[in-house]
Amino acid sequence: AMLRLWLELWLDSINQAFYPATTAGLHYHAYVNSFGITLHLSGIAANQLALCSDLLTSMRQFSQRLSAMVELPMDAIPADLERFDAIKTQLLRHWQSSDKAKPITQLFNQLSSTMLPHSAQPQVMADALRNIDLASLAQLCQQLRQPCHIEALLCGNWQPEHAHALH
């Protein structure tokens with residue numbers, strides 16, 4: 001629940017900055033999975049590597065700003081985190097209303113939480129999210145500042161040197 005909240009806050013904070021990329025034919029989609037975060041890019045191949053680099057840099061900078069909040073007074077919230085309560089409420093509503101979803105959606109939610117490691121039912125996620133505040137999210141970011149593992153899959157019009165450029 002905390003990682004999903006972090007992701008939604010990050011996506012909200014980059015919306016304006018990356019809008020020109022989406023209007024230029026580049027698209028990105030980020031979501032939480034059982035192993036971390038997946039970042040899916042599509043569009044003009046020539047610009048995808050630059051977009052990927054920019055998005056990863058943005059993630060790192062966002063985490064650094066958020067982890068720095070542990071030392072700041074809570075009334076000194078950066079502008080890109082002002083929507084914390086609104087985004088948290090939106091996620092809570094989404095997870096709490098999952099029992100009103102179509103039966104097939106409920107079935108796949110149940111199947112996912114049963115079959116996939118580190119996956120939970122929407123109601124369990126909502127319960128966990130209620131206890132998360134900006135300070136606990138900032139503490140998580142301090143823990144996440146350790147090295148991470150990135151896997152990439154390039155499909156389409158790519159050359160081997162493009163893959164090596166991801167290092």
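Modeller: Let's start with a term: buried means under 20% relative accessible area, exposed means over 50%, and partly exposed is in between, with a 1.4 Å probe and protein chains only. Arg4 has 25% relative accessibility, so Arg4 counts as partly exposed.

Biologist: What should I know about the model before reading on?

Modeller: This is a predicted model, where local features need pLDDT of at least 70 and side-chain atom pairs count only at pLDDT 80 or more, while totals for chains, interfaces and linings use all residues. Residues are numbered from 1 along each chain as its sequence is written, and side-chain values use heavy atoms, with hydrogens and water left out.

Biologist: Which residues have the most contacts inside the largest nonpolar core?

Modeller: The general idea is that in soluble globular proteins, nonpolar side chains tend to be buried together. A nonpolar core here is a set of buried Ala, Val, Leu, Ile, Met, Phe, Trp, Tyr and Cys residues joined through side-chain atoms within 4.5 Å. The largest one has 35 residues, and those with the most contacts inside it are Leu5, Trp6, Leu9, Trp10, Leu55, Leu66 and Leu137. Two or more residues come from each of α1 (2-14), β1 (26-33), α3 (45-68), α4 (84-96), α6 (122-130) and α7 (134-143). Helix α1 gives the most, with 7 residues. These elements are DSSP runs numbered from the N terminus: helices are H or I with at least four residues, strands E with at least two.

Biologist: And what does Trp6 touch?

Modeller: Contact means heavy atoms within 4.5 Å. Not counting residues up to four places away in sequence, Trp6 touches Ile37, Met59, Phe62, Ser63, Leu66, Leu137 and Cys141.

Biologist: How many salt bridges does the structure hold?

Modeller: Side chains of opposite charge can pair when their charged atoms come close. The cut-off for a salt bridge is a side-chain nitrogen of Lys or Arg within 4 Å of a carboxyl oxygen of Asp or Glu. The structure holds 4 of them. One joins Arg4 and Glu8, at 3.0 Å from N to O; both sit in helix α1, 4 residues apart, about one turn of the helix.

Biologist: Which parts of the chain does the Arg83 and Asp12 pair link?

Modeller: In that salt bridge the closest N and O atoms are 3.0 Å apart. The pair links distant parts of the chain, with Arg83 in the loop between α3 and α4 and Asp12 in helix α1, 71 residues apart.

Biologist: Why does Arg83 count as partly exposed?

Modeller: Because its relative accessibility is 39%. Asp12 is partly exposed too, at 26%.
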